[in-house]
Amino acid sequence: MQNVDVVVAGAGIWGCTVARCLAERGRRVLVLESRSAVGGNVRCESDPDTGIEVHVYGSHIFHTHLDDVWRFVRRFVEFNGYQHKVMARYRGKTYFLPLGLPLVNKFFGVELAPGELPAFMAEGTHRAQIFDAFFRGYTSKQWGRPPEEIDPTIIQRVPVRATYDVNYFNDYNQGIPLTGYNSLFDRMLDHPNIAVECNRAFDLAGHAASPLAGVPVFYSGPIDRLFGYRYGELPWRSLAFERETLDVADFQGTSVVNYTEAEVPYTRIHEFKHYHPEDADSMARAKTVIMREYPRAWKSGDEPYYPVNTPESQSLLERYRAEAAKVKGLTVGGRLGEYRYYDMDQSVGRALAAVESCGVIG
Ligand SMILES: Cc1cc2nc3c(=O)[nH]c(=O)nc-3n(C[C@H](O)[C@H](O)[C@H](O)COP(=O)(O)OP(=O)(O)OC[C@H]3O[C@@H](n4cnc5c(N)ncnc54)[C@H](O)[C@@H]3O)c2cc1C
């Protein structure tokens, strides 16, 4: 592309949103992506044997209460009516999450009315028993540490509902793209003002020495890598996935089952065909694809999944942020750039805001 106005480095959902918005404002955008394909961690693969859409980096369900974000993504794809429900498997029995009347009634063999739940949970060891069965083992596996050592807000985020509502998310807008997640990214980047180069990693020194020196950059790769890890590496939790194709129509009857006991080495099993209940042929076919998810300690070079928020990591992040603020024309965003967990809708929302506040479209 000749006469590039803006470089977008990283083609995850944050970078694709930025690129599209800038292109629609008349800017010529060059998108650089270090992987061989766009989409970041929302990228999916079609299983060669079954055609089932596999969420390579773990299950991704689009859910939002942000109307502008919902309007934006639906310009590119139509969403199916999938509503996310998560089951928990504990000592051979299966329970509905989140923590609410179905789980509590089944676990204790009671029949509580909604108004009775708060008092019942506060009684004796009820809360502790629920916590030990459904959250202690899972959280320890997820973070590699007992929950007591973890920021208490992680535990507080567990929703408690005095209802029979087993919808995992509270958001009224939910779904999976009918044509698959990859089509969302392909269509976002399909604009005459956008050129995409995959297998091309952005770095600051290379940019400064290139013919594009001085061109504003929106970067959504790891912030510590951008500065050559000069103050050290930001810590992450990683994941390993084990995929299997089975000769059964339905393995577990739902898309995600959490395994909450510490002794089971994985945290979840994903079964992807359930994300597309509208695909009757796939649902009926005597084959399914499942994926076990194993949390892992992270070491340099591993795929980063969850930032580990500690006072040390936050102070390291501050040092990198200060470096980024010194670079003229640089906007750092996305989950890797901000070193923060964001759902997809938050990533899109933050990208829309970054475009408005960047000065490039002024
Ligand atoms: C296990 C898991 C499950 C999740 N499930 C959900 C869910 O159900 N619903 C939901 O809303 N959200 C979910 N999320 C969050 C979702 O994955 C993120 O919101 C989203 O991936 C953030 O997009 P991003 O563009 O910031 O980052 P990424 O998707 O990581 O994209 C960043 C891109 O930048 C590229 N890159 C990095 N460095 C460079 C460089 N130097 N030059 C060029 N390119 C570079 C990377 O290759 C990557 O493609 C989940 C996250 C995890 C970890």
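Glutamate 303 counts as partly exposed in this predicted model, at 30% relative accessibility, and its side chain forms a salt bridge with arginine 35 in which the closest N and O atoms are 2.8 Å apart. Arginine 35 is likewise described as partly exposed, with a relative accessible area of 24%. The structure holds 19 salt bridges, and a search of the whole structure also finds 25 aromatic pairs. The protein chain is divided into domain 1, which covers 6-41 + 65-82 + 178-235 + 308-357, and domain 2, which covers 98-165; the centres of domain 1 and domain 2, taken over C-alpha atoms, are separated by 36 Å.

**Salt bridges**

- Lysine 287 counts as partly exposed at 21% relative accessibility, and aspartate 49 counts as partly exposed at 40%.
- Arginine 292 and glutamate 244 meet through their side chains in a salt bridge of 2.9 Å, N to O; because arginine 292 lies in strand β16 and glutamate 244 in strand β13 (residues 236-246), the pair ties together parts that are 48 residues apart in sequence.
- Arginine 292 counts as buried, at 15% relative accessibility, whereas glutamate 244 is partly exposed, with a relative accessible area of 34%.
- Arg20, Glu24 and Arg75 are linked in a network of salt bridges.

**A buried glutamate without a salt bridge**

- Glutamate 53, which lies in strand β4 (residues 53-55), is buried yet has no salt bridge, and the nearest side chain of opposite charge, that of arginine 43, is 9.2 Å away.
- The side chain of glutamate 53 does make a polar contact of 2.8 Å with the side chain of histidine 276.
- Beyond its neighbours within four places in sequence, glutamate 53 is in contact with residues including Cys44, Ile176, Tyr181 and Phe272.

**Aromatic pairs**

- Among the 25 aromatic pairs found in the whole structure, tyrosine 82 and tyrosine 275 form one that is edge-to-face, at 5.0 Å centre to centre and with 70° between the planes.
- This pair links parts of the chain 193 residues apart, with tyrosine 82 in the loop between α2 (67-73) and β6 (86-90) and tyrosine 275 in the loop between β15 (268-271) and α10 (280-284).
- Tyrosine 82 counts as buried at 7% relative accessibility, and tyrosine 275 is buried with a relative accessible area of 0%.
- Tyr90, Tyr95, Phe107, Phe108, Phe120 and Phe134 form one aromatic cluster.

- Glutamine 174 lies in strand β10 (residues 173-175) and counts as buried at 4% relative accessibility.
- The side chain of glutamine 174 joins that of asparagine 167 in a polar contact of 3.2 Å, and a polar atom of the glutamine 174 side chain lies 3.3 Å from the backbone oxygen of aspartate 171.

Terms used
Residues numbered from 1 in each chain as written. Predicted model: local features only at pLDDT ≥ 70, side-chain atom pairs only at ≥ 80, totals over all residues. Heavy atoms only, no water. Domains from an automatic or database assignment. Helix = DSSP H or I, 4+ residues; strand = E, 2+ residues; numbered from the N terminus. Buried < 20%, exposed > 50% of the residue type's maximum accessible area, 1.4 Å probe, protein only. Lys, Arg positive; Asp, Glu negative; His and termini not counted. Salt bridge = Lys/Arg side-chain N within 4 Å of Asp/Glu carboxyl O. Polar contact = N/O pair within 3.5 Å; in protein donor to acceptor, adjacent residues only side chain to side chain. Contact = heavy atoms within 4.5 Å. Phe/Tyr/Trp six-rings, centres within 6.5 Å; stacked < 30°, edge-to-face > 60°.
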